[in-house]
Amino acid sequence: RANEALALARDQAEEARRLKQQFVQTISHELRTPLNLIVGFTELMAQSPEYYGAELTPAYLRDLSIVHRNAKHLQRMVNDVLDLARVDAMQMTLTFEEVDPATLVEEAVATVRSLVEAAGLELRVAIAPGLPRFWVDPTRIRQVLFNLLNNAIRFTERGYIEIKVQPREGAILFSVSDTGVGIAPEDLSRIFQEFVQVDGSTRRRHGGVGLGLAICHRFVTLHHGQIWAESVPGVGSTFFF
């Protein structure tokens, strides 16, 4: 009887997980369509006003940029949820290519450089010479780097952000360091969980829903790699993978 009860509970849990994944994927797809329209039209209105026959006033442009920025933020969060749902449903496929790790870093840095400069921070890049090419899904690893760099920007008010790449015992070690607020020791063990915010209050200063690091963890794990963090509160953090 106990075995039958356990088997029933397992089946019910599996069905609940399947329904949750189906729900998340359906809702994410439904949300992406209107969000893509909002992002596309606000971008067109702001960048190509001649399409409408007249320039927009500064007040309109200011409000339009706010709508566009927040729509992009929602778009990123929906994409993050959809990525997690695909990984959980084992529908996330990796496309492996032989790539140069230095090139991956340079592409990620080019994407965030303007964000770092706008935040008044220094961007440091240290790439060890002679790194071997390796087989990865460059899109996913580039996303890991971008998520880590974006987090570092959000939680650093002054100082610098540094990205390093170096060989380590038959592997390639990436690291992203910052001089930001840091993470308390008791929080380090849970920061890669889904929807975890170190500051979970509704009045927290830093946005996001706690999916960026969870996605980094999933993508690195799919590559049979490891990801971890070291931090000192008030001094800064370093994320390694």
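# Close-up views of a predicted model

Figure 1. With a relative accessibility of 11%, Val-99 counts as buried (buried means under 20% relative accessible area, exposed over 50% and partly exposed in between, for a 1.4 Å probe and protein chains only). The structure is a predicted model, in which local features need a pLDDT of at least 70 and side-chain atom pairs count only at pLDDT 80 or more, whereas totals for chains, interfaces and linings use all residues. Residues are numbered from 1 along each chain as its sequence is written, and side-chain values use heavy atoms, with hydrogens and water left out. Val-99 belongs to strand S1, residues 97-99 (strands are DSSP runs of E with at least two residues, helices DSSP runs of H or I with at least four, both numbered from the N terminus). Not counting residues up to four places away in sequence, Val-99 touches Leu-104, Arg-133, Phe-134, Val-136 and Pro-138; contact means heavy atoms within 4.5 Å. The C-alpha atoms of Val-99 and Arg-133 are 5.3 Å apart in space, although 34 residues separate the two in sequence.

**Figure 2. The largest nonpolar core.** A nonpolar core is a set of buried Ala, Val, Leu, Ile, Met, Phe, Trp, Tyr and Cys residues joined through side-chain atoms within 4.5 Å. The largest such core holds 40 residues, of which Leu-145, Leu-148, Ile-161, Phe-174, Phe-239 and Phe-241 touch the most other members. Two or more residues each come from helix H3 (101-118), strand S3 (134-136), helix H4 (138-154), strand S4 (160-168), strand S5 (171-178) and helix H6 (212-222). H4 supplies the largest share, 7 residues. In soluble globular proteins, nonpolar side chains tend to be buried together. Beyond its neighbours within four places in sequence, Ile-161 is in contact with Leu-121, Glu-122, Leu-123, Arg-124, Leu-149, Ala-152, Ile-153, Val-176, Ser-177 and Asp-178.

Figure 3. Five strands form an open sheet in the order S2-S4-S5-S7-S6, with mixed pairing; two strands pair if DSSP finds at least two bridges between them. Strand S2 (122-127) and strand S6 (228-232) are the edge strands, each pairing on one side only. On average, neighbouring strands of this sheet are turned by 15° against each other, direction ignored. The pairing of S2 with S4 is parallel and extends over 6 bridges, and Ala-126 has Lys-164 of S4 as its bridge partner. Helix H3 lies across S2, S4 and S5 and runs at about 180° to S2 (axes are lines fitted to C-alpha atoms, for helices over the stretch in contact, and angles run from 0 to 180 degrees between N-to-C directions).

**Figure 4. Salt bridges.** The whole structure contains 5 salt bridges, each a side-chain nitrogen of Lys or Arg within 4 Å of a carboxyl oxygen of Asp or Glu. Between Glu-107 and Arg-142, the closest N and O atoms are 2.8 Å apart. This pair links distant parts of the chain, with Glu-107 in helix H3 and Arg-142 in helix H4, 35 residues apart. Glu-107 is partly exposed at a relative accessible area of 33%, as is Arg-142 at 28%. Glu-122 and Arg-124 meet through their side chains at 3.2 Å, N to O; Glu-122 is partly exposed at 40%, and Arg-124 is partly exposed at 32%. In the salt bridge of Arg-10 with Asp-11, the closest N and O atoms are 3.7 Å apart. Arg-10 counts as exposed at 57% relative accessibility, while Asp-11 counts as partly exposed at 44%.

Figure 5. Gln-143 lies in helix H4 and is buried, with a relative accessible area of 18%. Apart from residues up to four places away in sequence, Gln-143 touches Asp-80, Asp-83, Ile-215 and Phe-219. The buried residues of H6 include Ile-215 and Phe-219, together with Leu-213, Ala-214, Cys-216, Arg-218 and Val-220. Just after H6, His-224 takes a positive phi of about 60°.

**Figure 6. Confidence and residues 200-206.** The chain has a mean pLDDT of 83, and 87% of its residues reach 70 or more; pLDDT is the predictor's confidence in each residue, from 0 to 100. Over residues 200-206 the pLDDT is below 50, and this stretch has 6 contacts in the model beyond near neighbours in sequence. Where pLDDT is low, the predicted coordinates should not be read in detail.
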